[in-house]
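Hi everyone, thanks for making the time. Have a look at this one with me before I start talking.

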Amino acid sequence: LSQNYPNPFNPSTEIKYSIPSKSFVTLTIFNILGKEVETLVNEIKDKGDYSINFNANNLTSGIYFYRISAGQYTSIKKMILLK
């Protein structure tokens, strides 16, 4: 899981991630309180590099977290939305 770019962002940012082997992948966005605000990926993905654009037009300014889970791997990163 790579750091999103740009960060801070308004209103969209790119999130890149790599999958070492075919696995079920979930990529979820959470607000600062830990509430899930959007799920970007929730499916089986083949091995490879991926990029997804996250549009936060409907969200307020603040700190958000994104979490990827793929097989046994989980990672969380922070991003900032500035409107």
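I'll go through the core, then a hairpin, then one spot in a loop.

Quick housekeeping: this is a predicted model, where local features need pLDDT of at least 70, side-chain atom pairs count only at pLDDT 80 or more, and totals for chains, interfaces and linings use all residues. Residues are numbered from 1 along each chain as its sequence is written, and side-chain values use heavy atoms, with hydrogens and water left out.

So, the core. By nonpolar core I mean buried Ala, Val, Leu, Ile, Met, Phe, Trp, Tyr and Cys residues joined through side-chain atoms within 4.5 Å; buried is under 20% relative accessible area, exposed over 50%, partly exposed in between, with a 1.4 Å probe and protein chains only. The largest one has 20 residues, and I15, Y17, L27, I29, L40 and F54 touch the most other members. Strands β1 through to β6 each give two or more residues to this core, and β5 gives the most, with four. Strands here are DSSP E runs of at least two residues, numbered from the N terminus.

Take L27: beyond its neighbours within four places in sequence, its contacts (heavy atoms within 4.5 Å) include L1, I15, Y17, L40 and I68.

Next, β2 and β3. They pair antiparallel over eight bridges, pairing meaning at least two DSSP bridges. F24 has I44 in β3 as its bridge partner. The two strands make a hairpin with four residues between them, and G34 in the turn has a positive phi of about 90°.

Last, is T60 buried or exposed? T60 sits in the loop between β4 and β5, and it counts as exposed because its relative accessibility is 57%.
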